[in-house]
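Morning, everyone. Please bring up the model on your screens, and we will walk through it together.

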Amino acid sequence: MVLQEQEIAFVREVLPFWKDLTETQRSELIDHMRPRSFARGDHLHAGEADCSGVFLLRSGQVRTFIISDSGREITLFRLFERDICIFSASCMMPNINFDVYIDAEKDTETLLIPTCAYKALSAQSPAVKEYTAQLIASRFSDVMWMLEQALFQSFDKRLAAFLLEQRNIEDSLTLRLTHEEIAKHLGSAREVVTRMLKVFQDQGMVKLSRGGIEIIEPRQLEQLAE
């Protein structure tokens, strides 16, 4: 499938190393890229056995997470429009010793650079190789920040910070999230989330309803999350 002109324009804008590629490298990259669409809940990447390639997000939102032996999930980071998803090509990273999963949190439009094409380009271009190293380092920094929060920060602070983050993402004080979904993000049990949300409600910070949470006092949540 040949990329449309607006898709090629998007590639030029998003890839920071585009200007450093030769005309031949640019043509080969465009020839290998394919548009991919994902509905909410679809898998972009399902562990180390899956190595589709590098996704460029044209729209939507995806969640990168790991799963414990007991089946509990915890979100590592989320990506949004114009972000580049490198962990979906984790087979290029021999030092990754854990399975990473990536799901669409919203309907998502992407452009996929297959792993073989990206590896070949990285081998040819120092600019691509350097950018890839920087991007991987940035993502691992996100992972380390999340682990630090999970290990050393109290759950009420983590939950308050998550609710505020979700408010910013949705640009709304009304969050359409279940307690189970929040538990997956925070690597906790649904019952723990429910208990803490009820505490927040008793303190007047939120109002709970079926399938949703309304933030009543964002300033109180901000103070708690500090």
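Where does Asp171 lie? It sits in the loop between α5 (155–170) and β9 (174–175). Keep in mind that this is a predicted model. Asp171 is not a glycine, and yet its phi is positive, about 55°. Its relative accessibility is 70%, so Asp171 counts as exposed.

There is another positive phi to look at. Arg82 is a residue other than glycine, and its phi is near 80°. Find Arg82 in the loop between β5 (73–80) and β6 (84–85). At 40% relative accessibility, Arg82 is partly exposed.

Next, the domains. The chain splits into domain 1 (5–150) and domain 2 (153–225). Taken over C-alpha atoms, their centres are 29 Å apart. On the domain 1 side, 14 residues make contact, and they meet 15 residues of domain 2.

How much area do domain 1 and domain 2 bury between them? About 1,100 Å², with 38% of it on carbon and sulfur atoms.

The rule finds 3 salt bridges across it, between domain 1 and domain 2. Here is a pair to display: Arg78 with Glu165. Their closest N and O atoms are 3.4 Å apart, and the pair forms a salt bridge.

On to the rings. The count is 6 aromatic pairs. Take Phe65 and Tyr101. Their ring centres are 5.8 Å apart and their planes meet at 25°; stacked requires under 30 degrees, so this pair is stacked. Phe65 belongs to strand β4 (residues 61–67), and Tyr101 to strand β7 (residues 101–104). The pair therefore ties together parts that are 36 residues apart in sequence.

Buried or exposed: what is Phe65? Phe65 is buried, at 3% relative accessible area. Tyr101 is partly exposed, at 21%. The cut-off for buried is under 20%, so Tyr101 does not count as buried.

The charged end of Arg63 sits over its ring, 4.1 Å from the centre. Arg139 does likewise with Phe77: it lies over the face, 5.6 Å from the ring centre.

Last item. Which residues do ring pairs link into a cluster? Phe17, Tyr118 and Tyr131.

Notes:
Residues numbered from 1 in each chain as written. Predicted model: local features only at pLDDT ≥ 70, side-chain atom pairs only at ≥ 80, totals over all residues. Heavy atoms only, no water. Phe/Tyr/Trp six-rings, centres within 6.5 Å; stacked < 30°, edge-to-face > 60°. Helix = DSSP H or I, 4+ residues; strand = E, 2+ residues; numbered from the N terminus. Buried < 20%, exposed > 50% of the residue type's maximum accessible area, 1.4 Å probe, protein only. Lys NZ or Arg CZ within 6 Å of the ring centre and 35° of its normal. Domains from an automatic or database assignment. Contact = heavy atoms within 4.5 Å. Buried area = accessible area lost by both parts, 1.4 Å probe. Salt bridge = Lys/Arg side-chain N within 4 Å of Asp/Glu carboxyl O.
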